[in-house]
Amino acid sequence: MVVALLNAGHETTGSTLPVGLYHLLNFPDQLERLRADRGIMVPAWEELLRFDAATRGSVPRFAVNDIEIGDQLVRKGETLIVGNQAANHDPAVFDKPLELDLTRSPNKHISFFGGAHYCLGGWLARLELQVALDSLLTRYPTIELAGEVEWRKSFMLRALNGLPLKSRPEAARGPP
Ligand code: HEM
């Protein structure tokens with residue numbers, strides 16, 4: 001249970017915040033929209049989750065029968081891992097999928113997958129991400145990238161080894 005909570009609950013959300021912030025810093029017009037109107041924080045995170053989800057695949061599935069997906073035959077008993085990045089960037093579903101649009105609507109991404117095994121902590125993660133980013137932008141109003149980032153080498157997790165940031169010290173605000 002501890003391993004499950006650390007991997008599923010902590011690594012994922014802990015990786016999503018810096019990755020989301022990194023993309024926001026690369027789309028300054030979108031960051032400005034969010035700074036100007038924190039009311040869009042909820043759809044903003046849906047879009048950041050669509051744009052680059054922390055997890056790259058589902059938990060493994062096992063075919064209970066032979067099934068054909070596209071032109072690929074999956075035999076009974078074989079393992080399947082469903083990748084979500086391609087689906088989240090499918091141009092048949094998302095208009096201009098490679099653009100970050102914080103008020104994209106509809107935004108039916110599958111970053112928490114779906115069905116019976118829909119991420120147990122999806123709503124908790126959303127709340128944590130909203131509160132964390134809101135606090136960060138309030139406390140560091142002049143935050144910017146301070147160097148190159150290095151992506152973690154991982155098949156399942158989309159994460160940064162670090163996110164170098166700088167903020168003008170006189171602009172930083174302490175807790176209220
Ligand atoms: C941004 C953060 C998160 C992302 C992107 C994420 C993503 C996912 C994904 C893709 C799955 C696999 C679903 C499937 O294979 O159908 C999953 C399952 C799961 N997640 Fe999350 N998750 C996040 C946060 C959390 C948190 C905060 C918790 C717990 C506090 C959590 C607990 C779980 C559990 C227990 C499962 C297994 C559910 C099952 O198999 O029935 N996750 N998550």
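Here is a short walk around the ligand in this predicted model. Residues are numbered from 1 along each chain as its sequence is written, and side-chain values use heavy atoms, with hydrogens and water left out. Local features need pLDDT of at least 70 and side-chain atom pairs count only at pLDDT 80 or more, while totals for chains, interfaces and linings use all residues.

Let's start with the iron atom of the ligand. Its only protein donor is Cys 119, through SG at 2.3 Å; donors are N, O and S atoms within 2.8 Å of the metal (3.2 Å for Na, K and Ca), and because water is not among the atoms, sites may look incomplete. Cys 119 lies in the loop between α4 (85–88) and α5, where helices are DSSP runs of H or I with at least four residues, numbered from the N terminus.

Now step back to the surroundings. The ligand has 18 residues around it, and the closest are Ala 8, Val 59, Arg 61, His 117 and Cys 119; a residue counts as near if one of its heavy atoms lies within 4 Å. By type, the shell divides into 8 nonpolar, 9 polar and 1 charged, with Ala, Val, Leu, Ile, Met, Phe, Trp, Tyr, Cys and Pro taken as nonpolar, Asp, Glu, Lys and Arg as charged, and the others, Gly among them, as polar.

Three of these neighbours can be followed atom by atom. A ligand nitrogen is 3.0 Å from a polar backbone atom of Ala 8.

Key
Polar contact = N/O pair within 3.5 Å; in protein donor to acceptor, adjacent residues only side chain to side chain. Helix = DSSP H or I, 4+ residues; strand = E, 2+ residues; numbered from the N terminus.
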